[in-house]
Amino acid sequence: MTPPASPRPEEEFVAALRALSSRYWGSHPFHRRMHAGLLGKHELRLWATNRWYYQCMLPQKDAAIISNCPIPEVRRQWLPRIVYHDGAAAGEGGSERWLRLCEAVGLARQEVLDQRHVVPAVRFAVDAYVSFARTRPWWEAVASGLTEMFSGHLMRARVTDLLAHYPWISREDLAYFTTRVDAVSAGGRETLDLVVCHCVTREQQDRAIEALSFKCDVLWSMLDAIDRASAESAGGG
Ligand SMILES: O=C(O)c1cc(C(=O)O)c2c(n1)C(=O)C(=O)c1cc(C(=O)O)[nH]c1-2
């Protein structure tokens, strides 16, 4: 019997995780068009209201991670993510800021909240992410969140590019991103430390890399579905 492969040295493990940045949704054609100023108002609305489904499911995903984790320090570290999105009180938090962005691009709050524009494949992809967190060991689900490592740079560019190309969007409308950039950059580093610390066998490292790869697919699939829906609605008038 062949003995199990020995764990990768830390730098190699981290490099393998970072190498997945090439599969991150930053380079998806829909994001490229958004950043180049090529989206119409209708496409931006479709994006904002579909992405709402992702935003509103994140606290349930994070709660699943906490419920599967037996380590108090990790649970304590993960908890603020839920409060960040849900806010400490009604009318506060990341979800509220996302709703304001939706309103800024011309959506009524109710049509976002009732999810009438959410396309099936976006729901399917986001639900797969939540289900992954519910059914896998906590450290695998934490590793899937490592896309945050790649998102700080993208969010910074998003603020600059949306302001430059869509004059009807103001900096205040983008508060979700302007207040989130520093948190995801710090969060990404913390999450990486957790993954490096708790994925110590070769098998765990491999599963962490696969988890991050899966998450890149979730995000990519969401944008594929949004892209397709926007092409269909453009074709249909
Ligand atoms: O705007 C973006 O491109 C972007 C990407 C991601 C990501 O990479 O998953 C997240 C966010 N934003 C974000 O705002 C956020 O709160 C967040 C949480 C998570 C996660 O997996 O737990 N990803 C992301």
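Start with helix H3 and helix H5, residues 94–104, in this predicted model. Their axes come within 10 Å and cross at roughly 175°. Angles over 145 degrees count as roughly antiparallel, so H3 is roughly antiparallel to H5. Which residues of H3 and H5 meet? On the H3 side they are Ala48, Thr49, Trp52, Gln55 and Cys56. On the H5 side they are Gly94, Ser95, Trp98, Leu101 and Cys102. Sorted by class, this contact of H3 with H5 has six nonpolar and four polar residues. It has no charged residues.

Now turn to another partner of H3. Helix H3 covers residues 41–68, and helix H4 covers residues 72–86. The axes of H3 and H4 come within 9 Å and cross at roughly 160°. That makes H3 roughly antiparallel to H4 as well. The crossing of H3 and H4 is left-handed. From H3, the contact takes in Gln55, Leu58, Pro59, Asp62, Ala63, Ile65 and Ile66. From H4, it takes in Arg75, Trp78, Leu79, Arg81, Ile82, His85 and Asp86. By class, eight residues of the contact of H3 with H4 are nonpolar, two are polar and four are charged. Gln55 meets residues of H4, and Gln55 also belongs to the contact with H5.

Go back to H5 and follow it to helix H10. H5 and H10 pack at an angle of about 145°. Their axes are 8 Å apart. Gly94, Arg97, Trp98, Arg100 and Leu101 in H5 meet Ala175, Tyr176, Thr179 and Arg180 in H10. The contact of H5 with H10 divides into four nonpolar, two polar and three charged residues.

H10 leads on to the ligand. Helix H9 (148–165) and helix H10 (175–198) each supply at least two residues of the shell around the ligand. Which helix gives the most to this shell? H9 does, with four residues. The ligand is surrounded by Leu58, Gly145, Thr147, Glu148, Ser151, Leu154, Met155, Arg180 and Val184. By class, four of the shell residues are nonpolar, three are polar and two are charged. Two names have come up before. Leu58 is in the contact of H3 with H4, and Arg180 is in the contact of H5 with H10.

Finally, step back to the chain. An unreviewed UniProt entry lists residues 17–224 as "domain: Thiaminase-2/PQQC". Over residues 17–224 the chain is 75% helix and 0% strand. The end C-alpha atoms of residues 17–224 are 23 Å apart.

Key
Residues are numbered from 1 along each chain as its sequence is written. This is a predicted model: local features need pLDDT of at least 70, side-chain atom pairs count only at pLDDT 80 or more; totals for chains, interfaces and linings use all residues. Axes are lines fitted to C-alpha atoms, for helices over the stretch in contact, and angles run from 0 to 180 degrees between N-to-C directions. Angles under 35 degrees count as roughly parallel, over 145 as roughly antiparallel, 65 to 115 as roughly perpendicular and the rest as oblique. A crossing is left-handed if the near helix is turned anticlockwise from the far one by less than a right angle, and right-handed if clockwise. Two residues are in contact if their C-beta atoms, placed from the backbone, lie within 7 Å. Ala, Val, Leu, Ile, Met, Phe, Trp, Tyr, Cys and Pro count as nonpolar, Asp, Glu, Lys and Arg as charged, and the others, Gly among them, as polar. A residue is near a molecule or strand if its C-beta atom, placed from the backbone, lies within 6 Å of it. UniProt positions are given in the numbering used here, feature names are shortened, and annotations may be inferred rather than shown by experiment.
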